[in-house]
Amino acid sequence: QVQLVESGGGLVQAGGSLRLSCAASGGYTFSAYAMAWFRQAPGKAREFVAAVRWNRVGAYYADSVKGRFTISRDKSKKTIYLQVNGLKPEDTAVYYCAAATTGPGNIPLSGFEYNCWGQGTQVTVSL
């Protein structure tokens, strides 16, 4: 069973940047259909942020982060990243990494399509 461990969160000022990491650990191999970042702010539902197919090029972003966030993966390290630039206070949330073992042929955008989740890393953006 694969575990996903997020890191890289922290407290930053508005306009700042962070690089979040999600490393897959446990087991000897790792191969997912897609991996994604979700986030959940206090008092709000968990929302999709960005996703990438594990064995395909391309990515999809939520409109709220498009142009500011970049998702990437390093297959050899079994790790995905989320470069977050131009942070806003409304970006404050716990950021979760997720993996989908199967998919329909496109990039899954719903949390229901992901069956492996990390514990999250806190991103706090101050004014």
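The following questions and answers concern a predicted model of one protein chain.

Student: How many helices and how many strands does the chain have?
Tutor: Read along the sequence, the pattern consists of β elements, written β-β-β-β-β-β-β-β-β-β-β. The count is therefore zero helices and 11 strands.

Student: What radius of gyration does the chain have, and how does the globule rule bear on it?
Tutor: The C-alpha atoms fill a box of roughly 40 × 25 × 25 Å along the principal axes. For 127 residues the globule rule gives 14 Å, and the chain comes close to that figure, so it is as compact as a globular protein of that length. The radius of gyration of the chain is 14 Å.

Student: What percentage of the residues of the chain count as buried?
Tutor: A residue counts as buried when its relative accessible area is under 20%. Applied to the 127 residues of the chain, this gives 44%.

Student: Which cysteines does the disulfide join?
Tutor: A disulfide is a covalent bond between the sulfur atoms of two cysteines. The structure holds one such link, with an S to S distance of 2.0 Å.

Student: Are Cys22 and Cys97 buried or exposed?
Tutor: Residues under 20% relative accessible area are buried, and those over 50% are exposed. By this criterion, both Cys22 and Cys97 are buried.

Student: How far from Cys116 is the nearest cysteine sulfur?
Tutor: Cys116 is in no disulfide, a link that requires two cysteine sulfur atoms within 2.5 Å. Cys116 counts as buried, at 17% relative accessibility. The nearest cysteine sulfur is that of Cys97, at 7.9 Å.

Student: Is Ser21 buried or exposed?
Tutor: Ser21 lies in strand β3. Leaving aside neighbours within four places in sequence, Ser21 is in contact with Val5, Glu6, Ser7, Trp37, Thr79, Ile80 and Tyr81. Its relative accessibility is 18%, and the limit for a buried residue is under 20%. Ser21 therefore counts as buried.

Student: How far apart do the centres of the positive and negative side chains lie?
Tutor: The chain has 13 positive and 7 negative side chains. The centres of these two sets are separated by 7 Å.

Note on methods
Residues numbered from 1 in each chain as written. Predicted model: local features only at pLDDT ≥ 70, side-chain atom pairs only at ≥ 80, totals over all residues. Heavy atoms only, no water. Helix = DSSP H or I, 4+ residues; strand = E, 2+ residues; numbered from the N terminus. Rg over C-alpha atoms; globule rule 2.2 N^0.38 Å. Buried < 20%, exposed > 50% of the residue type's maximum accessible area, 1.4 Å probe, protein only. Lys, Arg positive; Asp, Glu negative; His and termini not counted. Charge placed at Lys NZ, Arg CZ, Asp CG, Glu CD. Contact = heavy atoms within 4.5 Å.
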